[in-house]
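Subject: Structure handover

Hi,

Here is the structure I promised to pass on. Please open it alongside this note; what I found follows below.

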Protein chains: 2
Amino acid sequence: MVRPHRCKQEEAPVSAIRHALSVKREDDFAQWYQEVISEAEMAEESGVRGCMVIKPWGYGIWERIQRLMDDRIKAAGVTNCYFPLFIPLSYFSKEAEHVEGFAKEMAVVTHHRLIGDGKGGLVPDPEAKLEEPLIVRPTSETVIGAAMARWVQSWRDLPLMVNQWANVVRWEMRTRMFLRTSEFLWQEGHTAHANRDDAMEETLRALEMYRDFAENELAMPVIAGEKPENERFPGAVGTYSIEAMMQDGKALQAGTSHYLGTGFAHAAGIQYQDKEGTQQYAHTTSWGVSTRLVGGMIMVHGDDDGLRVPPMVAPHQIVILPMLRDNDEDEALLAYCEELRKALVGQTALGETVRVLLDKRPGKATQKRWAWVKKGVPLILEIGGRDAAGGQVSMLRRDKLWTEAGKANFVGMAKEDFVARASAEIEDFQASLHAEALARRDANITQLSSFDKLSAFFSDDKRYPGWVEVEWSRPTGAELDAVVQKLKALKLTMRNTPMDAPAATGTCVFTGKPAAERIYVARSY
Amino acid sequence: MVRPHRCKQEEAPVSAIRHALSVKREDDFAQWYQEVISEAEMAEESGVRGCMVIKPWGYGIWERIQRLMDDRIKAAGVTNCYFPLFIPLSYFSKEAEHVEGFAKEMAVVTHHRLIGDGKGGLVPDPEAKLEEPLIVRPTSETVIGAAMARWVQSWRDLPLMVNQWANVVRWEMRTRMFLRTSEFLWQEGHTAHANRDDAMEETLRALEMYRDFAENELAMPVIAGEKPENERFPGAVGTYSIEAMMQDGKALQAGTSHYLGTGFAHAAGIQYQDKEGTQQYAHTTSWGVSTRLVGGMIMVHGDDDGLRVPPMVAPHQIVILPMLRDNDEDEALLAYCEELRKALVGQTALGETVRVLLDKRPGKATQKRWAWVKKGVPLILEIGGRDAAGGQVSMLRRDKLWTEAGKANFVGMAKEDFVARASAEIEDFQASLHAEALARRDANITQLSSFDKLSAFFSDDKRYPGWVEVEWSRPTGAELDAVVQKLKALKLTMRNTPMDAPAATGTCVFTGKPAAERIYVARSY
């Protein structure tokens, strides 16, 4: 666990608290991650290799991400479309460089019919073999490029800006839920422009949209910057990313935006007639975020009691738990809770109507409480008969879960007082998660001035070392390869060179030449 | 063209109107359908067999359908999830009956990698052949059933109600955009219940949701009823549908809801312990609508000038077209239009903020006007410099497009007056489309009392005969097969037996036995 968090844990005597999860972050982060996903009922193995089932709570968070991101995409003048799941093999053969980057690990459809095998089973029908195999899209540059070539004729058609929400498949040998699955959900924006400047402006607009979304909607601090050349999307002229620090100190690439130059336009034939009547190739971009954001959110905000969901993306911001006793008093209790629910949905927080669930399902209130704690709902209101009679509520705030004595930190107050402060609690919760994550991230970035120091730093026995910021000369070719290999030996990668950073003033830690810029080095997902 | 429409057309001398499309509905309905889709820029061929590209206008309508239907699904207590695209072949082998109904026409993934063929091309890597082929989901009963078996333990877990929005693939030899494509988009609801009554209640709730959605959101009159046994979803105990009449008199099955009994629960092992501690099989349902609804909307509301979109599902309900002249006056004109736009988005129609686009793209105003006419946007406001100076607007309502003299039917009025009546115009447009479609549908249903009359009716030279309503004895087995074959010889199918219909009083037109109920017979998509 990185330092600021460790400090916070130490405020209460560790032995007093019995956490809701069986594995602590600092004991086994990977195992903890799996347990959060399982206990928060976010996703599970599907029985289909590399594919997960996204359960209601996990999918509800993704739906919130989708809707909020979609609003931003539409506000930027980008329109949604839908392109085919299948891409003919020949499209990839045309784009050898493009396919190289995907390591060719793709799902290949070869038949369109099943027949009985004569033994009660089914097999692909040899008579129904496709003349040309179809690839399940790993990304849609090729098929969208072909459409753009049809749609773009004149400068009047530019910029052409489309986006699709879709499932894509990249065959993965080692999978991890939300972070790396064979099938995942994402949005992919694809735009075509008249010239380099317009295309670069769009590339950076999308990057900034992602940065702002991560910070504001997901309360997840990120560094926006340019990826080094070796990490570019195949065929791209420039690849930009947002990078977030997980609680184990590793980096997660949480979104990318690519300036593709005219390479894809040449391959697909995206040409337009300019105002002077000359045929020109368009400059294209693409940019995307995926269900990986959900994995990042877990690893940034989760704690030893499960998930903590930023209110902006929480399907429910408040859950009301009536302590039902299966007797005559239940009716009055439910009426009280329903009245409370109605008062709360009349409130506005973070610019939207407050989202409240009155959980009337059968079951013991304590069990239900801990299920919601593990799911990370920001505010839980437990209401017993005495609360109802006295016009009270008992509030449990997910980010202030324990008393110093290791008890659930319920705060009692009059119902009206809670209704009046609900919006402020929600907004404070969102801000608190961000502040906590930002403080932790900043406390775990170390500036180092030589490769020896860097090497020592990561070979130290610190289990979660965080990130290192160095200056480098932005080498290319064989010189860059050497840097990549040196870092690989330490299980490290370069993440990105931050936008708007102060100029480099020293010497490159890799080459010894004058430094050109700053770059982050880290272990990563 | 069916009758009520033909009458309306005759009000103006036909020769006076030069319609925006090159093909009229009454001349070639299939060709007209393709032209609407192309001219309204809704979708196009993708270059991938059987798959279409859904363009912004078509996808925008689908997004509206999605959002409004999703609100209804959530309001019913159903939660969204996501299940894998791929289903292992063995899941289908287990469900022989289930797979039979899909004619086994499914996309089969057999390899997970491509390699170079040594001649510059790519081929599936023989080393990367999957041990078990994967099927691209044609529907998700099997994989969702397996999840439900994990999730359901006790009566407390019921009802379990989930839905997913997804792409599915059913290999089709003859495709038609939106109506029958190899890949299509849909929602599939899947629910599990403790007993038959609860499951039937949910089956009929979903049916009623679809009926009400078709009538209200799509302005598309439908008959909700039970499909005859021969048209049941494979493995279902009862299949229910909504059926809409297209303008060529054919029926379109626009949504289905299935009561699956305990058959799927037996196959997947969905069992629960009831309150008495006994293991019971759950009763399941499934229900879905797809992008086919977009095709139905086109064929119900389109006319010889293109599409007419019901305002509830129109991405833009009003388009403002400034008549730009590329001179100094453009600025004042745009300012006037922007002021108008702001006033309009302050209005509410059909329970939502009015959706307005100010179309500032370069291009001739007349060309842009006809593009929006063909797209079917309900209200077009053309604003010239003189309008701006005089505080006026010129309104063109898409369902009142022509004057008797065959001119575009612009109505001038003060800007304030239009703002004040915009909401009423939009709501009246929605109601008018429904009333027109309903009158046409009802005028084209003929009650007949014998098979001879039915046979004569459809062998008549009427090109668009509409539907026939008959009474029948609800035969089963071989007797039903004979009915199906007799109708097939006339290219007819039974559509459904309407809910809440008056009891049958006569004799079955097929068997001569006492009739049990009414049923619709029609040509269909």
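Strand β13 of chain B covers residues 251–259, and eight of its nine residues are buried, so the rest of the structure largely encloses it. Please keep in mind that this is a predicted model.

β13(B) has a partner in strand β12 of chain B, residues 238–245. The two run antiparallel and are joined by eight bridges. They form a hairpin, with five residues between the strands. In that turn, B:G249 has a positive phi of about 85 degrees.

β13(B) also pairs with strand β16 of chain B, residues 283–290. This pairing is antiparallel too, over four bridges. B:S257 is a handy place to look. It stands opposite B:Y240, and it also stands opposite B:W287 in β16(B).

**A buried lysine**

Is B:K227 buried or exposed? Its relative accessibility is 2%, under the 20% cut-off, so B:K227 counts as buried. It sits in the loop between β11 (222–226) and β12 of chain B.

What do the polar atoms of its side chain meet? One polar contact, at 2.8 Å, links the side chains of B:K227 and B:Q253.

Beyond four places in sequence, B:K227 is in contact with B:T239, B:Y240, B:S241, B:E243, B:Q253, B:R495 and B:N496.

**A four-stranded sheet in chain B**

Chain B also has an open sheet of four strands. The order is β24-β25-β28-β26, and the pairing is mixed. β24 (445–447) and β26 (493–494) stand at the edges. Each has a single partner strand, so one side of each is left without a neighbour in the sheet.

Strand β25 (residues 467–472) and strand β28 (residues 517–522) of chain B run antiparallel, joined by five bridges. For a specific pair, take B:E471: its bridge partner in β28(B) is B:R518.

**Confidence**

The predictor gives the complex an ipTM of 0.94 and a pTM of 0.95. Chain A has a mean pLDDT of 93, and 95% of its residues reach 70 or more. Where does chain A stay under 50? That stretch is residues 4–10. The model has 17 contacts beyond four places in sequence for those residues.

Best wishes

Conventions
Residues numbered from 1 in each chain as written. Chains lettered and ligands numbered in written order. Predicted model: local features only at pLDDT ≥ 70, side-chain atom pairs only at ≥ 80, totals over all residues. Heavy atoms only, no water. pLDDT = per-residue confidence, 0-100. Contact = heavy atoms within 4.5 Å. Buried < 20%, exposed > 50% of the residue type's maximum accessible area, 1.4 Å probe, protein only. Pairing = 2+ DSSP bridges. Polar contact = N/O pair within 3.5 Å; in protein donor to acceptor, adjacent residues only side chain to side chain.
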